[in-house]
Amino acid sequence: MEFLAPAKINLSLRVLGRRADGFHELESLMVPVSIADTLEITRRECGGIEFTCDDATLPTGGDNLVVRAARLFGEASGIEPHVRIALTKRIPHGAGLGGGSSDAATTLLALDQLFATRLSREALVTLAAQLGSDVPFFIYQSAAMIRGRGERVEPVAFPHALPLLLIKPPFGVPTPWAYSRWAASREIPDVPYAAQRFPWGELVNDLERPVFEKFIFLADLKTWLLAQPEVAGALMSGSGATVFVVLRAKDTAPALRQRVTQEFGENLWVCGCETVGVLGR
Ligand code: C5P
């Protein structure tokens, strides 16, 4: 069976402080978007978990979040999952789009369905939180306010299909590094960090401050994007390195894509998509 693992963006991400356990206390509005990895999962009689991925740069052994999720499902349910899992990546990694976290959450949801274990949502969220801070969000398959280190998820209505352009340079940003630099970081003069307000909410990301200090390209990209006529708003997603644009109109995406490429070169990943309030409906 085929399962979709969508990407997310953070429309807002406020860092409230560093906690004693080293994680950071967050408040973030996260919204799924209409690009997804796919997981093809087949049950078999024996052989345990066999995992393959079309992206050779990802580990396919026990380190992979999909394999870890499948093992955790086995431990929690008492069922040894004999499955073949083939992952097709469309969401880049190191991107702030939650690709790996979504793959892991989708694995938990898919195995729960395939083995008819009917784990409660709370049980799935508890497992998800062991795999990473962003994984619980993807269990809900809905726009949500997330709090704590990410494990407290409150689904919210977000009935807006905002037209987006996602733009990612060829480098990634390591999430632990971005958080570790948050407290000591400073704003770069003339770079716009302030919240951008809209009828549907605001765009603001406290991790731009540490990330832009080192990855100045991202600050330049955001500043340039905000000056383009097609752009209603622009923001880095999560800990980067994706900067997304909320377009004034969906049909302007090709023109902006072309100008981004002219200005910054061919080696950017650029992807048009839209926000999705609730998945699968
Ligand atoms: O939980 P996850 O593995 O996704 O987090 C990666 C790293 O990002 C953590 O080890 C931590 O350094 C940092 N982090 C944080 N506060 C959060 C989420 C992540 O400091 N709320």
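Gly99 is buried, at a relative accessible area of 8%, where buried denotes under 20% relative accessible area, exposed over 50%, and partly exposed the range in between (1.4 Å probe, protein chains only). The structure is a predicted model, in which local features need pLDDT of at least 70 and side-chain atom pairs count only at pLDDT 80 or more, whereas totals for chains, interfaces and linings use all residues. Residues are numbered from 1 along each chain as its sequence is written, and side-chain values use heavy atoms, with hydrogens and water left out.

Gly99 belongs to helix α2; helices (H or I, at least four residues) and strands (E, at least two) are DSSP runs numbered from the N terminus. With contact defined as heavy atoms within 4.5 Å, Gly99 touches Asp37, Lys89 and Ile91, residues up to four places away in sequence not being counted. The C-alpha atom of Gly99 is separated by 5.6 Å from that of Ala7, although the two residues are 92 residues apart along the chain.

The domain assignment of the chain gives domain 1 (2-155) and domain 2 (163-274), the bounds coming from an automatic or database domain assignment. A distance of 24 Å separates the C-alpha centres of domain 1 and domain 2. Contacts between them involve 23 residues of domain 1 and 28 residues of domain 2. The area buried between domain 1 and domain 2 amounts to about 1,900 Å², and carbon and sulfur atoms give 62% of it; buried area is the accessible area (1.4 Å probe) that two parts lose on being put together, summed over both.

Across the interface of domain 1 and domain 2, 1 salt bridge is found, a salt bridge being a side-chain nitrogen of Lys or Arg within 4 Å of a carboxyl oxygen of Asp or Glu. On the side of domain 1 that touches domain 2, β1 and β2 each supply at least two residues. The element that gives the most to this side of domain 1 is β1, with 10 residues. A salt bridge joins the side chains of Arg14 and Glu202 (3.0 Å, N to O).

In helix α5 (175-182), the buried residues are Ala178, Tyr179 and Trp182. These residues lie on the same side of α5, because they cover an arc of only 95° around the axis; the arc is that of the directions from the helix axis to the C-beta atoms. The buried residues of α5 pack against β1 (2-18), β2 (24-43) and α6 (208-214). Exposed residues Pro176 and Ser180 are carried on the face of α5 turned away from its buried side.

Two loop residues are also buried. Ser142, in the loop between α4 (135-140) and β5 (144-148), has a relative accessible area of 9% and is buried. Beyond residues up to four places away in sequence, Ser142 touches Met30, Pro32, Phe137, Pro155, Val156, Gly277 and Val278. Gln228 is located in the loop between α7 (216-226) and β10 and counts as buried at 11% relative accessibility. Leaving aside neighbours within four places in sequence, Gln228 is in contact with Leu256 and Arg259. The side chains of Gln228 and Arg259 make a polar contact (2.7 Å).

Backbone geometry was also examined. Most residues other than glycine have a negative phi, and most peptide bonds are trans. Arg118, in the loop between α2 (99-114) and α3 (121-131), has a positive phi near 50°. Arg118 is exposed, with a relative accessible area of 75%. A positive phi, near 70°, is also found at Asp190, a residue of the loop between α5 and β8 (196-198). Asp190 counts as exposed at 77% relative accessibility. The peptide bond from Gly240 to Ala241 is cis, with omega near 10°, and Ala241 lies in the loop between β10 (231-236) and β11 (243-247).

Key: Polar contact = N/O pair within 3.5 Å; in protein donor to acceptor, adjacent residues only side chain to side chain.
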